[in-house]
Amino acid sequence: MKHSLNFLILILPLLFAGCSDGSDDFDACGQIEAVDVVVSAESNGKIISLDVPEGAVLAKGECVGVIDSVQIYLQKMELISRKQNAASRIVDIKKQLAPQKSRLENLMVDKERYVNLLAKDAGTQKQVDDIEFQIAVSKGEIDAQTQTYQNNNSGVESELAMYDVQIAQKEDMLRKCRIVSPVAGTVLTRYVEEGETVTSGKPIFRIADMNDVYVRAYFSTSQLADLKIGSKVKVYPDDGSNKLKEYEGTVTWISEQAEFTPKNIQTRDDRADLVYAVKISIANDGYLKLGMYAYVKTK
């Protein structure tokens with residue numbers, strides 16, 4: 001008798017865990033799920049630090065680890081040095097042309113003086129012509145030198161812009177050496193350890209928002225008549241206890257296409273060959289676990 005009692009105690013949870021209870025108390029059955037994200041490495045290298053124990057609750061944008069970035073940092077510093085050297089070749093055009101412009105101003109003063117002397121018959125036309133020629137030559141030299149300096153500066157500025165792009169690329173690579181949680185949630189699985197060498201794309205950990213979970217249940221066509229997006233339903237997660245706890249759920253998605261009944265799911269109407277998948281959102285009070293079976297009642 002004692003052995004029979006122990007056997008009964010062992011199989012009771014298994015009986016409750018299945019979806020086919022053979023009763024009409026529930027309209028559908030499904031499993032508790034959540035939107036999870038697999039966080040992968042965005043850089044190649046050795047993991048220097050990684051603080052993501054399974055079960056840890058992370059905030060969105062929280063940095064939880066670092067991949068070796070020494071070489072990328074050194075490459076960035078080299079680019080910065082090259083940029084500084086290139087910037088030193090920028091010519092201060094105004095400063096470089098100051099002597100020539102000062103000479104031109106003196107020539108203009110001399111021309112005015114020669115024109116006045118010519119008006120008083122104290123000078124000659126040749127003197128005026130000579131000074132005008134010198135002025136024209138000086139202006140030409142200034143224009144040519146200005147164009148040379150401008151072309152030089154334009155080339156250097158293009159080079160600086162190229163360095164800016166390369167430095168930005170290195171900074172982006174450095175950011176990708178930081179392992180950051182893209183969402184707020186609970187760490188479900190950790191795939192690597194500190195000291196391991198990873199490549200870009202290698203999974204590091206899996207995280208899910210456990211505050212808002214949902215049940216993916218399956219309904220027959222006749223049952224869908226009472227359901228629409230936003231409909232409120234009752235959800236009873238099967239936690240193994242004799243009395244199932246009741247949660248309020250909200251229908252957030254209804255599949256547009258029917259599918260064959262999944263092998264591990266049965267609806268109330270066992271004769272239905274085709275069913276529709278439905279997502280029912282539930283607020284998690286901390287007791288709901290992923291993979292837990294849940295029963296759904298629409299009325």
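This note sets out numbered points on a predicted model.

1. Basis. The model is a prediction, in which local features need pLDDT of at least 70 and side-chain atom pairs count only at pLDDT 80 or more, while totals for chains, interfaces and linings use all residues. Residues are numbered from 1 along each chain as its sequence is written, and side-chain values use heavy atoms, with hydrogens and water left out. Helices (H or I, at least four residues) and strands (E, at least two) are DSSP runs, numbered from the N terminus.

2. First sheet. β2, β9, β7 and β4 form, in that order, an open sheet with antiparallel pairing; two strands pair if DSSP finds at least two bridges between them. At its edges stand β2 (36-40) and β4 (57-58), each of which pairs on one side only. Five bridges join β2 to strand β9 (residues 203-208) in the antiparallel sense. Asp36 has Ala208 of β9 opposite.

3. The antiparallel pairing of strand β5 (residues 63-67) with β6 covers three bridges, and Cys63 has Val180 in β6 as its bridge partner.

4. Nonpolar cores. A nonpolar core is a set of buried Ala, Val, Leu, Ile, Met, Phe, Trp, Tyr and Cys residues joined through side-chain atoms within 4.5 Å. Buried means under 20% relative accessible area, exposed over 50% and partly exposed in between, with a 1.4 Å probe and protein chains only. The largest core has 23 residues, and Val215, Phe219, Val235, Ile280, Ile282 and Val296 have the most contacts inside it. Two or more residues come from each of β1 (28-33), β10, β11, β12 (247-254), β14 (274-283) and β15 (293-297). A further core of 19 residues lies apart from it, and includes Leu50, Ala56, Val64 and Ile67.

5. Val296. With residues up to four places away in sequence set aside, the contacts (heavy atoms within 4.5 Å) of Val296 include Phe26, Val215, Phe219, Val233 and Ile280.

6. Aromatic pairs. Rings of Phe, Tyr and Trp (its six-membered ring) pair if their centres lie within 6.5 Å; planes under 30 degrees apart count as stacked, over 60 as edge-to-face and the rest as tilted. The count is two aromatic pairs. In one of them, Phe26 and Tyr295 have ring centres 4.8 Å apart and planes at 20 degrees, so this pair is stacked. Because Phe26 lies in the loop between α1 (2-17) and β1, and Tyr295 in strand β15, the pair ties together parts 269 residues apart in sequence. Both Phe26 and Tyr295 are buried. With Tyr236, Phe26 and Tyr295 form one aromatic cluster.

7. Ser231. The loop between β10 (212-219) and β11 (232-237) holds Ser231, which counts as buried because its relative accessibility is 13%. A polar atom of the Ser231 side chain lies 2.9 Å from the backbone oxygen of Lys228. Beyond its neighbours within four places in sequence, Ser231 is in contact with Asp226, Gly249, Thr250 and Val251.

8. Gln150. Helix α5 (residues 125-175) contains Gln150, which is partly exposed at 45% relative accessibility. From C-alpha to C-alpha, Gln150 and Asp92 are 9.7 Å apart in space, and they are 58 residues apart in sequence.

Technical notes: A polar contact is a pair of N or O atoms within 3.5 Å; within protein, one must be able to donate a hydrogen and the other to accept it, and residues adjacent in sequence count only if both atoms are side-chain atoms.
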